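Please find below a colleague's note on the model under review.

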Amino acid sequence: MDASAIRTDWLARQALYHGARVAVEWRPTGESLSFADLDRLGAALAAGLAERFDVEKGDRVAVLAENSLEHVLLFVACQKAGLVLVPLNYRLTGPELAVLVEDADPSLLFVSDAYADAASFDGPTERLETVRQLAAGTARWTGEAPTLDDPLLILYTSGTTGRPKGALYTHGMLVWNAVNTVHRLSLTPDDVSFNAAPFYHTGGWNVLLTPFLLTGGRTVLLDRFDADALLGLCDTEGITILWGVPTMLQMMAESPAFASASLASVRTAVVGGEPMPAPLTRVWQAKGVSIRQGFGMTEVGVNCFSLPEADAVRKMGSIGFPNLFVDVRILDAEGDDAAPGETGELAFKGPVVTPGYWRNPEATAAAFTADGWFRSGDLVRRDPEGYVYVVGRLKEMYISGGENVYPAEVEAALTDHPAVAQAAVVGVPDDKWGEAGVAFVVPAAEPPDPADLLDHCRQRLARYKVPREVRFLDALPVGHSGKVQKTDLARLAAPRPS
């Protein structure tokens, strides 16, 4: 095996180090795969994909399905053979999926039975069970190994203009994100966690699954998040690390099973996507579970900042410090370093940063400064002790239940309705989902039924993108430049004092 294969083919080595240990358990059926199983099946799958479909290094392999062990097998095969895995968002509508498939231009698409009719694709389309059939073959991958600079994943995130962007995730990003995570969370082969995040999300791969593949830990893979069931798994499976968005931990804390769950094995809960509310932090701390606030984004390896558990209350709201192998700057409006204590845009550089967006040089160029710093679009400040706080977003994106929602995409769907002349959407605080959308609509004539507009959106958008409510205005507020003043709308949408 040459040096490049050793650097990128983790499972070949883990089969030697931790071969008999369970790597992934598929909880719905109880099936488990050891590290040796993943290595053997992944090598057979890589060989089978090349033989049957003539795919080669750099070709995209898309998959449209809810969480499954087949996703993990495809990931291992791509890691070995230099293929690029494209997990598609199964929550999207047919027209939304068509845009992604056309952009990714995959050589092959795997679909589960539930989504067999959801995506339109002219190329080879195979049922998900074909993955298992190929993995059962006797051949083994012997071709050229990928390098650290080669892409491994394309993870789609909607652009602020509504055009989806495929963030490239390289083998090197995978390595350094995992190393950052292992370092900051002190992971060992004895750690156990769960994974209910969808695989079209960077979190599904890179919060804990791939760091666990690097360390030899065990992942209990779930088909969906269920607060009651997960509380039970904490005790029966000895889960040591929980993770998710605050909404998930809130649902667990509100579960009737929370009081009786011992959670004795859980040493920490890693929270991201949005700040953890102080009362909820204290609820979990009272159960003996420390809270570690994190921060990341698809384009920067996902595990970028971490707040030490000891500071969870003292520095409530902070994302802490940057992780080991990532450098950060806070930029002012001119692109220079912001003065100490001043708010500026967070920028990243290092081996965890994406090389850019798939077939989108314009978006790639816009994302980086002239000297190569990735602009996050997040506004932050650093306190005198060096702790960083997120204070807002340059972009208008808001986060609903851990999902990024871009108003331009929702506004485009609304204005596609014949009764809508103009539309603007803002995110507002929501008790359950963290944030939700409020749509302000200028009718073309008589105001339509708000329920009809929301149903119109549901036919064109994933459910999490559909606004919580619709409000009608005679005109949208605009500034001197003619741009809609979203800050004015946010004030209108804010809950009125009781």
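The numbered points below take these topics in turn.

1. This is a predicted model, in which local features need pLDDT of at least 70, side-chain atom pairs count only at pLDDT 80 or more, and totals for chains, interfaces and linings use all residues. Residues are numbered from 1 along each chain as its sequence is written, and side-chain values use heavy atoms, with hydrogens and water left out.

2. Rings of Phe, Tyr and Trp (for Trp, the six-membered ring) are taken as a pair if their centres lie within 6.5 Å; planes under 30 degrees apart are called stacked, over 60 edge-to-face, and the rest tilted. The count under this rule is 11 aromatic pairs. One of them is the stacked pair of Phe 75 and Trp 205, with 4.9 Å centre to centre and 20° between the planes. Because Phe 75 belongs to helix 4 (residues 69-81) and Trp 205 to helix 8 (residues 202-206), this pair ties together parts that are 130 residues apart in sequence. Helices (H or I, at least four residues) and strands (E, at least two) are DSSP runs, numbered from the N terminus.

3. Both partners are buried: Phe 75 has 1% relative accessibility, and Trp 205 has 0%. Buried denotes under 20% relative accessible area, exposed over 50%, and partly exposed the range in between (1.4 Å probe, protein chains only). Phe 75, Phe 199 and Trp 205 make up one aromatic cluster.

4. Two charges are placed over rings, a term requiring NZ of Lys or CZ of Arg within 6 Å of the ring centre and within 35 degrees of the ring normal. Lys 287 has its charged end over the ring of Phe 258, 5.1 Å from the centre. Arg 329 lies over the face of Trp 373, 5.3 Å from the ring centre.

5. Strand 22 pairs with strand 23 (residues 434-443) in the antiparallel sense over 10 bridges; Ala 424 has Phe 440 in strand 23 as its bridge partner.

Conventions:
Pairing = 2+ DSSP bridges.
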